[in-house]
Amino acid sequence: MTKSLPTASELQEAWNELREIYETYLLPYEVKIPKAEHYSEIARSIWLAVLFHFEGEEVHKDVISDVCQRDKPELARDQQVRHLKREGWHLTGKRGFHCLDPYQPSPEWVTERNRRAGRLGAKDFSGLKKFFGNACATCGAKEGRPDPRYGQDIVALQHGHIDPAKPANDKDNIIPQCQFCNRAYRSDFVFDDKGRVYAVADVGPVRRASRPIQKKILEWLKSVFS
């Protein structure tokens, strides 16, 4: 059975009520909410208003797209409602359907928030190592234990740098890396704060790439800077 689209007045009422709930239940977790007085100001406020209007029910993304097309026609037809999860909203539902729980943030958001707080709470390198479980952020090798990849050499954690272009002594730019990862990656890469390679920081990896990969990179750069 196809859902009837809620009226503008119904959606405004839903948006007003959702903002009140947000202040009590979600603001303490720093969930992100659009700064909109009227529900139809931006796409995300429309999404949330529609989902809250049908609270407890699964809403197909096409219903939300239909409301967007009706109330803000300049928006694209395909609305990526799932992206609300990235801002802390707790969405459930099978593929193509979404159901909003307005009283708690998504579990992934809480986990990531706690992880960031733990990292920022580290006062020195010892605290940072403890946050990472006294292990290399990149490969997981435990400090003080033999690393079988390198002939039983004992792992020693060193100051690795998230972004080689940023100040080396900035605490927010440091991750613990074993001597092997620190040496292997050198200053060639940018890492995320979990220790995973995120981007290239120098031309070294491109120089070492195969000719087909270099040509692919060249073509992409031409398309960007043409």
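**Ground rules.** I worked with a predicted model, in which local features need pLDDT of at least 70, side-chain atom pairs count only at pLDDT 80 or more, and totals for chains, interfaces and linings use all residues. Residues are numbered from 1 along each chain as its sequence is written, and side-chain values use heavy atoms, with hydrogens and water left out.

**Salt bridges.** I looked up salt bridges, taking as one a side-chain nitrogen of Lys or Arg within 4 Å of a carboxyl oxygen of Asp or Glu, and the count came to 14. For the elements named below, helices (H or I, at least four residues) and strands (E, at least two) are DSSP runs, numbered from the N terminus. For exposure I use buried for under 20% relative accessible area, exposed for over 50%, and partly exposed for what lies in between, with a 1.4 Å probe and protein chains only.

R19 is partly exposed at 22% relative accessibility, whereas E37 is exposed at 58%.

I then turned to E112 and K194, whose side chains meet in a salt bridge at 3.4 Å, N to O. Because E112 lies in helix α4 and K194 in the loop between β8 and β9 (197-200), this pair ties together parts that are 82 residues apart in sequence. Both ends are partly exposed, E112 with a relative accessible area of 23% and K194 with 31%.

My next pair was K129 with E143, the closest N and O atoms being 3.2 Å apart. K129 is buried at 14% relative accessible area, while E143 is partly exposed at 29%. I also found R186, D188 and R208 linked in a network of salt bridges.

**Positive phi.** Most residues other than glycine have a negative phi, which is the reason I checked for exceptions. R186, from the network above, has a positive phi of about 45° although it is not a glycine; R186 is placed in the loop between α6 (179-185) and β8 (189-191) and is exposed, with a relative accessible area of 52%. E30 has a phi near 60°, also a positive value in a residue other than glycine, and I located E30 in the loop between α1 (8-25) and α2 (43-53), where E30 is partly exposed at 48% relative accessible area.

Where do the polar atoms of the S45 side chain find backbone oxygens? I found one at 2.5 Å, belonging to Y39, and another at 2.8 Å, belonging to I42. S45 lies in helix α2 and is buried, with a relative accessible area of 0%.

**Patches.** Patches join residues with over 30% relative accessible area and no salt bridge, like charges within 9 Å and nonpolar side chains (Val, Leu, Ile, Met, Phe, Trp, Tyr) within 5 Å. I listed a negative surface patch that includes E10, E13 and E55; E10 is in helix α1 and partly exposed at 35% relative accessible area. I also listed a nonpolar patch of W220, L221, V224 and F225, with about 460 Å² of accessible area together, an area taken from the Shrake-Rupley method with a 1.4 Å probe. V224 is found in helix α8 (residues 211-225) and counts as partly exposed at 42% relative accessibility.

Conventions
Lys and Arg count as positive and Asp and Glu as negative; His and the chain ends are not counted. The place of a charge is taken as NZ of Lys, CZ of Arg, CG of Asp or CD of Glu. A polar contact is a pair of N or O atoms within 3.5 Å; within protein, one must be able to donate a hydrogen and the other to accept it, and residues adjacent in sequence count only if both atoms are side-chain atoms.
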